[in-house]
Amino acid sequence: MPAETRVGRRITMKKIMNAVARKFTTKKKTADVIAKKWKLLSGENGWEQLLDPLDIDLRRYVVHYGEMAQAAYDAFIMEKKSKFAGSCRYARRDFFSKVGLELGNPFKYSVTKFLYATSQIQVPDAFMVRSLSREAWSKESNWIGYVAVATDEGKAVLGRRDIVIAWRGTVQTLEWVDDFEFDLVSASKILGEAGDPRVHQGWYSIYTSDDSRSPFNRTSARDQVLQEVRRLVELFKNEEISITVTGHSLGAAIATLNAIDIVANGLNRPKDQRSRPCPVTAVVFASPKVGDSNFQKVFSEYRDLRALRVRNALDIVPSYPILGYSEVGVELGIDTRESQYLKRPGSTSSWHNLECYLHGVVGTQGSKGGFKLEIDRDVSLVNKRTDALKDEFLVPVSWRCEKNKGMVQQEDGSWKLMDHEEDGEVMLM
């Protein structure tokens with residue numbers, strides 16, 4: 001090999017090693033900072049002086065929880081021809097690896113519980129997916145999210161033992177916004193009589209409904225999640241704990257209801273340490289309004305409860321319902337039209353898409369306008385489930401899909417739909 005070639009290769013290898021070292025150093029610094037300032041990032045001071053301009057660590061923090069919410073979409077089986085339509089594609093044991101949140105991600109968690117929902121009132125198809133198969137895993141229930149807890153490695157990065165609850169959102173177009181009834185119902189049964197808080201009937205039904213016909217919903221999504229939160233808070237009561245609830249669209253509304261429910265019923269306090277509540281933070285994206293002014297008042301009165309709502313400028317969902325409802329928490333505004341990476345002006349679908357939201361968080365410049373990618377996040381993710389990225393970046397449209405859509409060739413050469421991993425949590429039908 002010529003001497004010039006050997007020298008050139010050494011230089012190239014040195015550049016690669018330096019780049020890897022810089023990336024590792026940046027991630028280590030990020031981890032150290034977040035571990036030290038997590039209380040501020042979780043809204044201890046209402047995110048004062050962190051939103052405009054958007055703090056670099058808060059960007060990472062918000063994107064992290066957005067990715068946890070996105071995982072609920074990526075794991076969901078939407079194919080109605082599958083007998084597992086409406087369930088989770090992956091098992092808990094390697095869930096985060098299968099949804100692409102293991103490699104290069106310092107925030108390590110383990111899924112402890114899957115959550116299932118039903119509804120006692122009629123809700124749009126965008127909320128509940130039904131299988132066309134006569135052998136359907138469930139006729140009544142849908143998988144709607146999960147509970148996860150930081151591993152020991154994750155705890156070191158996050159600065160505490162973080163319990164995350166992620167709620168899945170709607171899976172179809174936004175037609176449901178105009179079709180859905182927006183009636184208010186009393187939430188006193190779960191939040192207490194004080195203040196007479198009233199919430200959206202649809203969100204409330206999905207959160208609180210059970211169905212004795214379904215092995216997945218003999219108890220409601222509410223009962224499932226509160227039981228798991230109670231268990232984890234007791235298990236880790238001698239450590240510093242936080243509870244973070246996240247979701248997008250429908251999932252954001254349920255996350256908000258879930259967050260106040262936890263605090264209102266004291267589940268963020270260990271049984272024998274009632275004076276040591278852990279903070280409960282909702283980090284939600286594209287959230288429709290949840291309740292009336294009484295609900296807003298009750299929400300704002302809890303010291304250990306806070307919410308950060310991320311809202312894209314032209315997304316219509318956060319404006320709904322228009323009459324009789326009030327917003328809770330603090331708003332972080334973004335405008336994906338500012339991005340030079342996205343097709344302009346975009347569409348109702350891209351303005352509401354969660355990956356587009358996270359792209360907006362990465363690059364927003366706040367009130368000064370403009371767009372600049374401030375943290376390292378692959379722009380290819382924008383096109384995971386939509387067509388929003390400019391064609392010049394050569395990223396396929398809606399590129400995330402199972403190989404052969406879950407069809408697997410058998411030994412005899414035939415093909416079979418095998419799109420679901422069994423999980424030991426509940427016995428599948």
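**Helix H2 against helix H12**

Guide: On the H2 side, the residues that meet H12 are Arg 59, Val 62, Val 63, Gly 66, Glu 67, Ala 69, Gln 70 and Tyr 73, and on the H12 side they are Leu 354, Glu 355, Leu 358, Val 361, Val 362 and Gly 363. Contact means heavy atoms within 4.5 Å. The model is predicted, so local features need pLDDT of at least 70 and side-chain atom pairs 80 or more, while totals for chains, interfaces and linings use all residues. Residues are numbered from 1 along each chain as its sequence is written, and side-chain values use heavy atoms, leaving out hydrogens and water.

H2 covers residues 56–74 and H12 residues 354–363; their axes come within 10 Å and cross at roughly 170°. Axes are lines fitted to C-alpha atoms, for helices over the stretch in contact, and angles run from 0 to 180 degrees between N-to-C directions. H2 and H12 are therefore roughly antiparallel, a term for angles over 145 degrees.

Now the setting. The chain has twelve helices and eleven strands, which are DSSP runs numbered from the N terminus (helices H or I, at least four residues; strands E, at least two). Of contacts between residues at least 6 apart in sequence, 69% join residues at least 24 apart. Of the 429 residues, 54% are buried, meaning under 20% relative accessible area with a 1.4 Å probe, protein chains only.

How values were computed:
Buried means under 20% relative accessible area, exposed over 50%, partly exposed in between (1.4 Å probe, protein chains only). Angles under 35 degrees count as roughly parallel, over 145 as roughly antiparallel, 65 to 115 as roughly perpendicular and the rest as oblique.
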